[in-house]
Amino acid sequence: MKLTEKDVAYVAELANLDLTSEEKSGMLRDLNSILDYIDRLNELDTSKVPPMAQVSDKYGVDQSKQGSDRFAYASREDVVEGLRKSLPHEEALANAPDADEDFFRVPKVIER
């Protein structure tokens with residue numbers, strides 16, 4: 001499946017992007033290159049390749065552990081609770097100029 005300049009213009013409009021004609025032609029070339037590569041990958045016979053849920057399962061994982069404990073090797077020992085504790089939800093919304101029980105309300109910033 002080949003994309004056309006019309007397709008690129010349509011996607012750019014959806015993304016609210018103003019692309020020059022040079023950028024559109026570059027995007028068209030790049031997207032068609034990606035789609036060509038995907039077509040090449042689809043030609044491969046993968047019927048005997050088992051599906052993988054986690055690529056990193058193969059590298060440095062303690063197979064005897066379950067769940068997130070299996071990937072504990074990726075955590076820093078000197079930072080027990082991440083970089084810092086998360087701010088409680090209620091406290092985060094407490095000083096918001098406009099919020100409901102769950103979310104901050106913000107003004108619309110994209111106009112067409």
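These questions and answers concern a predicted model of one chain.

Visitor: Which numbering and atoms are used here, and which pLDDT must local features have?
Guide: Residues are numbered from 1 along each chain as its sequence is written, and side-chain values use heavy atoms, leaving out hydrogens and water. Totals for chains, interfaces and linings use all residues, side-chain atom pairs count only at pLDDT 80 or more, and local features need pLDDT of at least 70.

Visitor: In which order do the elements of the chain run?
Guide: Helices (H or I, at least four residues) and strands (E, at least two) are DSSP runs, numbered from the N terminus. The chain has three helices and zero strands. From the N terminus on, the order is α-α-α.

Visitor: What is the distance between the end C-alpha atoms of H2?
Guide: Helix H2 covers residues 21-42, which is 22 residues. The expected span is 1.5 Å times one less than the number of residues, so H2 should span 32 Å. The model agrees, with its end C-alpha atoms apart by 31 Å.

Visitor: Which helix do the buried residues of H2 pack against?
Guide: Buried means under 20% relative accessible area, with a 1.4 Å probe and protein chains only. In H2, Gly26, Leu28 and Asn32 are buried. Seen down the axis of H2, they fall within an arc of 155 degrees, taken from the directions from the axis to the C-beta atoms, so they line one face. By contacts (heavy atoms within 4.5 Å), these buried residues pack against helix H1 (5-14).

Visitor: In which helix is confidence highest?
Guide: pLDDT is the predictor's confidence in each residue, from 0 to 100. Helix H3 (residues 89-94) has the lowest mean, 86. The highest, at 95, is in H2.

Conventions: Buried means under 20% relative accessible area, exposed over 50%, partly exposed in between (1.4 Å probe, protein chains only).
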